[in-house]
Amino acid sequence: MDENKSNPHSTSTSQTTRETADCIFERLRFQITRLGSATPLTSHIFFIFGASGDLAKKKIYPTLWWLYRDGFLPERIRFIGYARSQITIATIFEHAAKYMKVENHERETFQKFVELNSYCVGHYDVEKDFQHLNDEANRLSKQESAHRLFYLALPPNVYESVTELISKHCRPKPPGWIRLIVEKPFGKDLQSSNKLSEHLSKCYVEEEIYRIDHYLGKEMVQNIIVLRFANHILSRVWNRDSIAAVIIIFKEDIGTQGRGGYFDQFGIIRDVIQNHLMQILSIVAMEKPRSTKGEDIRDEKVKLLRCISPVKPEDVVIGQYIGDKDSGDVEHQQGYLDDKTVPDNSTTPTYAQLILNINNERWAGVPFILRAGKALNEKKAEIRIQFRDAPGAMFDEDIRENDPNGRLARDELVMRVQPNEAIYLKLNTKRPGEMGFIIEETELDLTYGDRYQGVKLPDAYERLILDVFMGSKINFVRSDELQEAWRIVDPILELVDQKKLPLIPYKFGVFGIPEAFEAAAKHGYIFRGTYLWKDERSGSITSKEQKKKEKNR
C-alpha cells in the first residue's frame, strides 16, 4: 500500500548520472556566486562548538566536507572545533570517518580539507578560554575582520554562557560579520524559550541568529511553497470548502537505542511536534507571501500560528512503547523503560497525536492532525491533504454491488518528505476491462526517484549550512515564530509533565495507537485501508496477503 511504497531505483554511478550531478552542482555554484555569499579576498572561519559530540561527528563535519568537496564553500576558509574533551582534531576525524563517505578518488581533496581544520580545548563558561579561541582564529585566518560562523551543537544548559562569551570575545572586527547557528531544542517550554530569546537579543541582533530546524532544509518541505503558490489548480481548492482534514505524520522504526537519557528530558512533543511538524503545518496552511524573501515568508508563518488555539486535552493522545516479547528482533523486544539511560518510572511519551484548529476564514473547521512516534512499523514523514467527499450519490449503487459497506474513496494529495521523496494524488478511476462502473483507487504520481533519476538531492544540513554562508534566512526559525509554536503546545506539556494525561502502552513495531486513529476519525479524517500502491497492484497479491497488509496498515 502507499504506506509501504518504496523507490525501486538506486543511485546510479553511470556517466550520465555523474554528468547530471555535475550540471546541477554548476548551477548551484552560479546561484551562490550571483547571490554574493562572499568576495574572493574575504576569509571565513567556521566554529563547531561541541566538536567532540555525536551531532558534530555524524552531521556537521561530514556536511562541511561535502560542501568543500563540491566547491560550495568560500576559497579562504578555516574550521575550528571547540569542546571540553582533551582530544585532537585527528581523533575527531577518526570518529567521524565512517560518516564522511570519502571515495578513493577524493582522498587528495579530503586531505586538503582536513588540513584546514584545527581544534581548541576549552570550557563553556571561562572567559580566558574564549580569548584564547579568538587569538587562535586571528592567527589562522591572518585577518581580524574574517567573517565568523558559530555552530552550537551543545546542550541547552550552556547556551547562555557560550553565546554571551562568543559575543564578548569572538566577534570579528568590521566589516566582518558574525552568524550564530543555534540547534534545537530552543528551550523546554514557553517560559524557558522566551528566556533564551531574551538573552540572545541582548547579545545579538535577530539577523545574526540562525535557529536551525533541519526539516526546513528537506527538499519536499521546501517544495510545498512552490506546489501551493505556483499551481492555480491547487490554489483554488486549498481551503475549508474542498479540504476535509490534514494529517502530518512522523514515524520512526527505531527506539532510543541507549540514548533515552537525553530524549527523556523532552519527549516526542518537544522533540518533533513543536518544531518539525509545526513548521510543516505553518507552510502548508499559511497565506501567500508577498515574495520569496525570507522575512515575507516568515511573516505569513507567524500570522498563521497566531490563529491556532492552544491544544485541548481531549484532542491529545500520548503513548510509550513497550517491548514485543514475541518478536524475533532483539531490538523490538526492548521497551522504552528497558533503556538503561531512562528512569525506571518515566512517563515521557514516545508517541503523540495533537489535533489543532486554525481559526481563520480559510481553515475554520478543518482538523490539522499532527502525529509522531518512535518504535513504529516504519520510518516515514509525510503530509496528507484529504479532500471532501464527492457530492451526490451517482456511483453508490455500483459500489454497493461489490461491497455492501463500501463508499466512494476520498481524493488525497500525499507529499512524502522521507524516505523516497514523492508527491502523488490518490483518486478514483474505472477498473480497466470491467463491465459497468467498478471503481478502484489509483494515483497521479511524481516519485522523485523516477522523474529525476541521477539528480542528487542535497542533505538538509548541506542546504541549511549553505544558507547561513549566503545569509538566507528563509529556512530558519524567527523568535516570534518560536514563541507562537510554544504557546500552542505549552498547556499540554504542563499536563504531560504533571502526569495528568493517560499514557497508552504500545508494542514496538506496531502501526500506531488505535485511540489516535479513532480520534482522527472522530474529527473527520477517513482511513479506508483499501488503497494499493502501483507496485503492489502489478504483482499477484492473494486475498489472505491483502487482508494481512490492511491489518498491518
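Two strands pair if DSSP finds at least two bridges between them. Helices (H or I, at least four residues) and strands (E, at least two) are DSSP runs, numbered from the N terminus. By this criterion, β8 pairs in the parallel sense with strand β16 (residues 503–507) over 5 bridges. The model is predicted, so local features need pLDDT of at least 70 and side-chain atom pairs count only at pLDDT 80 or more, while totals for chains, interfaces and linings use all residues. Residues are numbered from 1 along each chain as its sequence is written, and side-chain values use heavy atoms, leaving out hydrogens and water.

**The sheet**

- An open sheet of 9 strands has the order β14-β13-β12-β11-β7-β10-β9-β8-β16, with mixed pairing.
- The edges are formed by β14 (439–447) and β16, each with a single partner strand, so one side of each has no neighbour in the sheet.
- Direction ignored, neighbouring strands are turned by 20° against each other on average; axes are lines fitted to C-alpha atoms, for helices over the stretch in contact, and angles run from 0 to 180 degrees between N-to-C directions.
- Strand β7 (residues 243–251) runs parallel to strand β10 (residues 367–373), joined by 6 bridges, and I249 stands opposite R371 in β10.
- Helix α8 (residues 219–229) packs on the sheet, where it touches β11 (380–387), β12 (412–418) and β13 (422–430), and its direction makes about 145° with that of β12; contact means heavy atoms within 4.5 Å.
- Helix α17 (residues 514–522) also packs on the sheet, touching β8, β9, β10 and β16, at about 10° to the direction of β9.

**Strand β8 and its partners**

- Of the 7 residues of β8, 6 are buried, so the strand is largely enclosed by the rest of the structure; buried means under 20% relative accessible area, exposed over 50%, and partly exposed in between (1.4 Å probe, protein chains only).
- On the β9 side, 4 bridges join the antiparallel strands β8 and β9, with A352 as the bridge partner of I318.
- In β16, I504 is the bridge partner of G319.

**Aromatic rings and charges**

- The whole structure contains 25 aromatic pairs; rings of Phe, Tyr and Trp (its six-membered ring) pair if their centres lie within 6.5 Å, and planes under 30 degrees apart count as stacked, over 60 as edge-to-face and the rest as tilted.
- Y262 and F266 form a tilted pair, 5.1 Å centre to centre with 50° between the planes; Y262 is partly exposed at 41% relative accessibility, whereas F266 is buried at 11%.
- Y321 and Y336 form an edge-to-face pair, because their planes stand at 70° with ring centres 5.9 Å apart.
- This second pair links distant parts of the chain, 15 residues apart: Y321 lies in strand β8 (residues 316–322) and Y336 in the loop between β8 and β9 (351–357). Both Y321 and Y336 are buried.
- A cluster linked by ring pairs comprises Y61, W65, Y68, F79, F93, F110 and F113.
- K374 lies over the face of F263, 5.4 Å from the ring centre, and K473 over that of Y210, at 4.6 Å; a charge sits over a ring if NZ of Lys or CZ of Arg is within 6 Å of the ring centre and within 35 degrees of the ring normal.

**Helix α6**

- Helix α6 (residues 159–169) contains S161, which is partly exposed at 24% relative accessibility.
- Not counting residues up to four places away in sequence, S161 touches Y124 and D125.
- α6 packs with helix α7 (residues 190–203) at an angle of about 10°, their axes 9 Å apart.
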